[in-house]
Amino acid sequence: MADNGDDDPQYTIKEGDHVVLKRGDIFKAIQVLPKKKVIFEKQWFFLDNAVGQLYSSTFEIVSGNLQPKKPKDTEGSSDAKEAGTDNRHIVDDGKSQKLTRDDIETLKEQGLKGQEIIQQLIDNSSTFRDKTEYAQDKYIKKKKKKYENTVTILKPSCRILAMMYHGREPGKICHLRYDALAQMLTLANIHAGSKVLVFETCAGLVLGSVMERMGGYGSVIQMYPGGGPGRAGMESFGLPAHFHDMLHDFPICHVNALLAGTLDTTAKDQSAVEKQSNMAADEEQNQPEVKQQVSPEEKSMETNTGDDAALDQETKERDQRREAKAEEKKVKLEEKRKKLAAVASLLEGRNADGLIIASRFHPCPVLMGLLKFLSPSRPFVVHSQYKEPLIECYTKLREQGGTVNLRLTDTWLRHYQVLPNRTHPLLLMSGGGGYLLSGTTVATDRAKPGGSQRSEEPAPKRQKLTDTEG
Amino acid sequence: MSFVEYSDLIQDGDVAVVYLGHDSMMPVKVQQGAQTQTRYGVIRHSTDLIGQRYGSKVTCSKGGWVHVLHPTPELWTVTLPHRTQILYTTDIATITMMLELKPGSVVCESGTGSGSLSHAILRTVAPTGHLHTVEFHQQRAEKVAEEFKEHRVGHLVTVRNQDVCKDGFGVTGVADAVFLDIPSPWEAVGHAKAALKRQGGRVCSFSPCIEQVQKTCEALAHQGFEEISPLEVLLRVHDVRTVSLPLPDFGPDASSAQTPPDAREGTPRYGSVALKTTTAPREMPGHTGYLTFATKPRT
């Protein structure tokens, strides 16, 4: 597995990388930081040893550290090829396992590997040999799940993170199941080079997925409610830095002003533009300066504590810091204003190429407001955990026109177990994935369809058309 | 127009989608001087289409009108000329995500069939990715290659006319993902493995029958693939409508002695209640195929 000569560094785990831990079907997103204690599946460990290893490697947890697992651990070679045919003689007397709980704990404390513990359990089970081959399989699988302390480190992707969120915190992502997210990305025709509007309260999962699909080409405008855009999930994607250049945000509370043309950015914008050149320079100087200021201070605290000179220096530094902070704040405020103006001008063209909505808010006003920013002949998708608000959206869109191809859908996802003579569906996931309303924008008429806009047109034909209009 | 890039205006040589009504669309090759017949009359390309904005309303000769839409892989899927069974958007969406496709991905596919999935893959992997698609039926391979050119995605795709089970994909060690939609995918699993990058990748096989899935899973496990996961996605389309539920007449209410005057006229006091709701279609596709996903580990 860990072969040498892997020249492409994109496949090695580096410090600061966002990664996903996997054990069985359980995922957890985490950033690789030195000496950071990670708790995953009731075990704690440090990720330090993973740095420099390849993605998709599996590790064994040995007293808090990760050890690369040997490529081919002889997979539970149950040499007991003996097996029963049915369970007519298997009695549940609670005494089939000769090892006690204490015995098992001692085995664990001795630092026995999961594999070895399982073998012990098998050897000490009086009924194992009488179980059918399939039951033996199942027994081993169950024990493996419990005693094997391995973890696989994966590179994050939309697939993995969507599955992770749905498995761990569906409430945080409005119960958007991963197959529904997949539908959204496809129905909205998300691809490189377009200009996409995203409104989500799914922790940034939808945003990250859209950005991944756009590969750093084009632009994404995140419309956000409240004080700031939620992006934790997007960060977990570990997208390259230049992907962030395509990301813009716009507070949804300014949408009305923007649509009415009363958004006050132009005046500020002008001053911002004037300052733009020196501000950019300012900022570049400022940013590292601030960072540097912190670190020398930390150092000084460590080395010469109790020194008068140090104290003096400290106050000086504090003043400096305060000044820098104020300066920074000012710059940031300007920056923010400039950004808002830039995004406003992106939106003002009303020529966005796609719209994705997945939030805990009522979708109807959101959709009606944001749809106005789309070019004609562009797709939009709205997700909602509930069907009723989407029915309302559908009705409203039909009334006001400007959209075709409206569809209200949901998907069912069924997983299968496929094993020799044991093939069947795993579980039925229904309802929970949420509903989607999708459609395509079209140019709006000056006169409403159905109203007589051109008298020379034969009426019955028009009637028929209106009926089929979807 | 291109299937991988939006444009605002309809131009000569474009493929546009004429939207006639719900579930009624047709693709049109836009050509100077050409005409298209619809049930609402003739569309004259030179005047009605060329230079118009995508999404605009076009009035046909008989006075009816249609909308002209920018092509997307999803619209193409519902309008393309079938030369084979095709994959539909629900499965395509799942495949795209579960294969982790994105700009830059290199994908192998077989068979190409009518190119429904191919267009969706191309859209997703553009502008830096590539699709190697294999179709053993010569005429289909030629036809689809022609379509790719027409749709201005020819530079992103290589069509090979060969038998994937015998000759593989024509590339080795380059793919991030492999997709199989052939009658005996288990015979191509080895080739899929060879086509994938040494660092690993994802594979998907689409099969209608569970026996095919079983054989494929066996072959995948045998070739060392991991995370083998067969699944199925079903689409439910909800029909939005207003229904009215009649209310029964319980007769005059004894407790409220004063009956409203209009109720005596002999007309029923209670009519019905109208409500907005959805109904499930009487029939829906209950099965398209099983999608079997797996990961090739680094070798």
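Which side chains meet in a salt bridge at 2.9 Å, N to O, with Arg231(A) as one partner? The other partner is Asp249(A). This is a predicted model. The pair links distant parts of the chain, 18 residues apart. Arg231(A) lies in the loop between strand E9 (219-224) and helix H7 (232-235) of chain A. Asp249(A) belongs to strand E10 (residues 247-251) of chain A.

Of its 470 residues, 45% count as buried. Take the contacts in chain A with a separation of 6 or more: residues 24 or more positions apart account for 70% of them.

A search over all chains finds 24 of them. One joins Arg88(A) to Asp86(A), with the closest N and O atoms 2.9 Å apart. The two partners fall in separate accessibility classes. Arg88(A) counts as exposed, because its relative accessibility is 63%. Asp86(A) has a relative accessible area of 30%, so Asp86(A) is partly exposed.

Now turn to the place where the chains meet. Here 73 residues of chain B are in contact with 74 residues of chain A. The size of an interface is often given as the accessible area lost when the parts come together. Between chain B and chain A, the buried area is about 6,200 Å². Carbon and sulfur atoms give 57% of that area.

The polar side of this interface can be counted too. The rule finds 6 salt bridges across the interface of chain B and chain A. It also finds 19 residue pairs in polar contact there, both residues at pLDDT 80 or more. Strand E12 (residues 226-246) of chain B gives the most to the side of chain B that touches chain A, with 12 residues. That side divides into 30 nonpolar, 25 polar and 18 charged residues.

How many bridges join strand E13 (residues 403-417) of chain A to E12(B)? There are 8, and the two strands run antiparallel. Within this pairing, Arg414(A) has Glu232(B) in E12(B) as its bridge partner. Side chains also link the chains: Arg236(B) and Asp410(A) meet in a salt bridge, 3.3 Å from N to O.

Another salt bridge between the chains joins Glu227(B) to Arg159(A), with the closest N and O atoms 3.8 Å apart. Glu227(B) sits in strand E12 of chain B, and Arg159(A) in helix H4 (residues 158-168) of chain A. Is Arg159(A) buried or exposed? Arg159(A) counts as buried, because its relative accessibility is 6%. Glu227(B) is partly exposed, with a relative accessible area of 30%. The pair is part of a wider set. Salt bridges that share partners join Lys22(A), Arg159(A), Glu100(B) and Glu227(B) into one network.

Follow E12(B) further into chain B. E12(B) is joined to strand E14(B) by 4 bridges, and these strands run antiparallel. Leu231(B) has Leu291(B) in E14(B) as its bridge partner. E14(B) also pairs with strand E11 (residues 201-207) of chain B, through 7 bridges and again antiparallel. In that pairing, Gly201(B) stands opposite Lys296(B).

How covered is E14(B), and what do its two faces hold? Strand E14 (residues 290-296) of chain B is mostly covered, with 7 of its 7 residues buried. In a regular strand the side chains alternate between the two faces of the sheet. In E14(B), Tyr290(B), Thr292(B), Ala294(B) and Lys296(B) point one way. Leu291(B), Phe293(B) and Thr295(B) point the other way. All are buried.

Thr94(B) brings these parts together. Thr94(B) has its place in helix H3 (residues 89-98) of chain B. Thr94(B) counts as buried, because its relative accessibility is 3%. Which residues are in contact with Thr94(B), leaving aside its neighbours within four places in sequence? From chain B come Leu231(B), Val233(B), Leu291(B) and Phe293(B). From chain A come Ala182(A) and Gln183(A).

Conventions: Residues are numbered from 1 along each chain as its sequence is written. Chains are lettered from A and ligands numbered from 1 in the order in which they are written. Side-chain values use heavy atoms; hydrogens and water are left out. Contact means heavy atoms within 4.5 Å. Buried area is the accessible area (1.4 Å probe) that two parts lose on being put together, summed over both. A salt bridge is a side-chain nitrogen of Lys or Arg within 4 Å of a carboxyl oxygen of Asp or Glu. A polar contact is a pair of N or O atoms within 3.5 Å; within protein, one must be able to donate a hydrogen and the other to accept it, and residues adjacent in sequence count only if both atoms are side-chain atoms. Ala, Val, Leu, Ile, Met, Phe, Trp, Tyr, Cys and Pro count as nonpolar, Asp, Glu, Lys and Arg as charged, and the others, Gly among them, as polar. Two strands pair if DSSP finds at least two bridges between them. Buried means under 20% relative accessible area, exposed over 50%, partly exposed in between (1.4 Å probe, protein chains only).
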